[in-house]
Amino acid sequence: MNFDKELDARGLNCPLPILRTKKALGELGAGQVLKIVATDPGAVKDMQAFAKQTGNELMSSAEAGGEFVFFMKKK
Amino acid sequence: MDTKKLAIIATKGTLDWAYPPFILASTAAALGYEVQIFFTFYGLQLVRKSLNGLKVSPLGNPGMPMKMPFGPKWFRGINWNIPNAVQSLIPGYESMATSFMKQTIRNNGVASLEDLRSLCQEAEVKFIACQMTVELFGFEHSDFIDGMEYAGAAMFFEFAGESDICLFI
């Protein structure tokens with residue numbers, strides 16, 4: 001999937017992946033896509049909740065080799 | 001859509017209880033909430049310039065697992081069940097437990113309190129210190145970080161009364 005910016009949130013724990021995501025989205029324009037890579041298993045539900053509450057679109061959420069990869073489109 | 005509001009009263013002044021107010025406030029701010037934290041009684045410790053004095057005490061705290069933050073995995077998994085009577089007699093026991101918890105926090109990629117507190121301030125979380133307890137404990141405003149407001153319970157209710165979520169921590 002194409003993306004405009006990548007956020008490495010590996011090794012970070014709650015609430016840092018969400019806080020960094022919020023900050024990284026702030027540096028993007030509407031419609032641009034942020035790729036996030038995290039290792040915190042709690043981030044899976046948290047990213048869904050973040051997207052739902054902020055109106056940004058969680059385009060995909062996947063796990064590969066103990067890492068969680070998200071694509072979030074800025075509102 | 002109206003901005004949602006979160007009001008928190010922070011009353012605890014130990015390393016472990018310092019986390020919940022800052023974690024919840026910073027997360028809520030990231031979700032678009034307007035947030036205020038009212039620091040009162042021991043909670044004032046959380047807005048002092050240096051947070052180095054915060055400690056955690058395993059004494060009389062049966063919910064706290066006492067584990068080593070180093071060594072092989074099997075060793076880290078042991079829960080050291082040390083009786084209160086023994087804990088109370090060992091000088092520096094609390095400082096040792098505090099340094100172990102700080103190491104565990106670092107090992108787990110959990111943010112430092114200083115970082116979380118700064119993130120709250122960057123996100124415009126409003127910090128209010130209870131003026132009555134500031135005086136009660138003999139603090140000066142210069143003991144606290146910049147950006148604080150000093151007020152009483154009435155100011156808290158002005159915000160809390162129209163908040164969507166109100167927490168006493």
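The following conversation walks through the two chains of a predicted model.

Visitor: Before we start, how are things numbered here, and which parts of the prediction count?
Guide: Residues are numbered from 1 along each chain as its sequence is written, and chains are lettered from A and ligands numbered from 1 in the order in which they are written. In this predicted model, local features need pLDDT of at least 70 and side-chain atom pairs count only at pLDDT 80 or more, while totals for chains, interfaces and linings use all residues.

Visitor: What is the secondary structure of chain B?
Guide: Chain B has seven helices and five strands. Helices (H or I, at least four residues) and strands (E, at least two) are DSSP runs, numbered from the N terminus. Along the sequence, the pattern of chain B reads β-α-β-α-α-α-α-β-α-β-α-β.

Visitor: In what order do the strands of chain B lie?
Guide: The five strands form an open sheet in the order β4-β3-β2-β1-β5, with parallel pairing. Two strands pair if DSSP finds at least two bridges between them.

Visitor: Which strands stand at the edges?
Guide: β4 (149-151) and β5 (165-168) of chain B do; each has a single partner strand, so one side of each is left without a neighbour in the sheet. From one strand to the next, the twist averages 20°. Axes are lines fitted to C-alpha atoms, for helices over the stretch in contact, and angles run from 0 to 180 degrees between N-to-C directions.

Visitor: How many bridges pair β1(B) with β5(B)?
Guide: Strand β1 (residues 5-10) of chain B pairs with β5(B) over four bridges, in the parallel sense. Within that pairing, B:C166 of β5(B) is the bridge partner of B:A7.

Visitor: Which strands does α1(B) lie across?
Guide: α1(B) lies across β1, β2 (34-39) and β5 of chain B, at about 170° to β1(B). A residue is buried if 20 or more other C-beta atoms lie within 10 Å of its own, exposed if 12 or fewer, and partly exposed in between, with C-beta atoms placed from the backbone.

Visitor: What covers those buried residues?
Guide: The cover includes α1 of chain A together with β1, β2, α4, α5 (113-122) and β5 of chain B. Just after α1(B), B:G32 takes a positive phi of about 100°.

Visitor: Which residues of α4(B) are buried?
Guide: B:A97, B:T98 and B:M101 are buried in α4(B). Seen down the helix axis, the buried residues of α4(B) fall within an arc of 100°, so they line one face of the helix. That arc is the one spanned by the directions from the helix axis to the C-beta atoms. The face turned away from the buried side of α4(B) carries the exposed residues B:S95, B:M96, B:R106 and B:N107.

Visitor: Let us turn to chain A. How is its sheet built?
Guide: Four strands of chain A form an open sheet in the order β1-β2-β4-β3, and the pairing is mixed. β1 (5-9) and β3 (57-64) of chain A stand at the edges with a single partner strand each, so one side of each is left without a neighbour in the sheet. The twist averages 15° from one strand to the next.

Visitor: How do β1(A) and β2(A) run?
Guide: They run parallel, and five bridges join β1(A) to strand β2 (residues 33-38) of chain A. A:D8 stands opposite A:V37, and A:K35 is the bridge partner of A:E6.

Visitor: Finally, how many residues of chain B are in contact with chain A?
Guide: 11 residues of chain B are in contact with 11 residues of chain A. Two residues are in contact if their C-beta atoms, placed from the backbone, lie within 7 Å. The largest share of the side of chain B that touches chain A, four residues, comes from helix α1 (residues 15-30) of chain B.
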